Amino acid sequence: SAVELAAASWVGIFIGSLPIIPFGIVTIVYVNHKLHLNKLAGVVASNVCVFPFVPFLCVEVGHFLRFGCLWSEFNRQTMLHEIHYRLWEWLLGALVVGPLIGFGGALLTYILVRYLRSTSGIKKMKGLEDTR
């Protein structure tokens, strides 16, 4: 149903925003399997969270939550030598940004599925009327 596909999309986007890059797809498939949702829809929706856009947004939000200001120093020191801080900020930010982006993706999925099913249903009904 449209609701189940939207829920699978939400799970995929939320988990895709978390800093578990090597285990992301496996986690999405596992959670969608346990919730009896469409695994493929979850994996496809997780591609919304591609690097660098969503991870960068999550790091910015996480940094803001920790320090009350935006992260403005983008150099080798802050990227490589302080990676443990960036991962913590990414996790904090993902817990805020992930559900919000997931809700938007789920809403878009729901509207799109409902629209496509209604238009294909109308075409089928018109096709039946033409043959009578």
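Helix α2 has V26, Y30 and K34 exposed on one side, where exposed stands for over 50% relative accessible area, buried for under 20%, and partly exposed for whatever falls in between (1.4 Å probe, protein chains only). The model is predicted, so local features need pLDDT of at least 70 and side-chain atom pairs count only at pLDDT 80 or more, while totals for chains, interfaces and linings use all residues. Residues are numbered from 1 along each chain as its sequence is written, and side-chain values use heavy atoms, with hydrogens and water left out.

Back to α2, which spans residues 24-34 and has G24, I28 and N32 as its buried residues. Looking down the axis, these buried residues fall within an arc of 60 degrees, so they line one face of the helix; the arc is taken over the directions from the helix axis to the C-beta atoms. The cover over them includes α1 and α3 (39-45). Just after α2, H36 takes a positive phi of about 60 degrees. Helices here are DSSP runs of H or I with at least four residues, numbered from the N terminus.

Next come the aromatic rings. Rings of Phe, Tyr and Trp (the six-membered ring for Trp) pair if their centres lie within 6.5 Å; planes under 30 degrees apart count as stacked, over 60 as edge-to-face and the rest as tilted. That rule gives 2 aromatic pairs. One of them, W10 with F14, is stacked, at 5.3 Å centre to centre with 10 degrees between the planes. Both residues sit in helix α1 (residues 2-17), 4 residues apart, or about one turn of the helix. W10 is partly exposed at 31% relative accessibility, whereas F14 is buried at 18%.

F56 and W71 also pair up, this time tilted, with 6.4 Å centre to centre and 40 degrees between the planes. F56 lies in helix α4 (residues 53-67) and W71 in the loop between α4 and α5 (76-81), so the pair ties together parts that are 15 residues apart in sequence. F56 is partly exposed at 39% relative accessibility, while W71 is buried at 8%.

The elements giving two or more residues to the patch are α4 and α6.

L65 belongs to helix α4 and V96 to helix α6, with V96 partly exposed at 38% relative accessibility. Their C-alpha atoms are 9.8 Å apart in space, against a separation of 31 residues in sequence. Neighbours within four places in sequence aside, L65 is in contact with L92 and V96, contact being heavy atoms within 4.5 Å.

Helix α6 covers residues 83-131 and also holds T109. T109 is buried, with a relative accessible area of 18%. Not counting residues up to four places away in sequence, T109 touches L5, A6 and S9.
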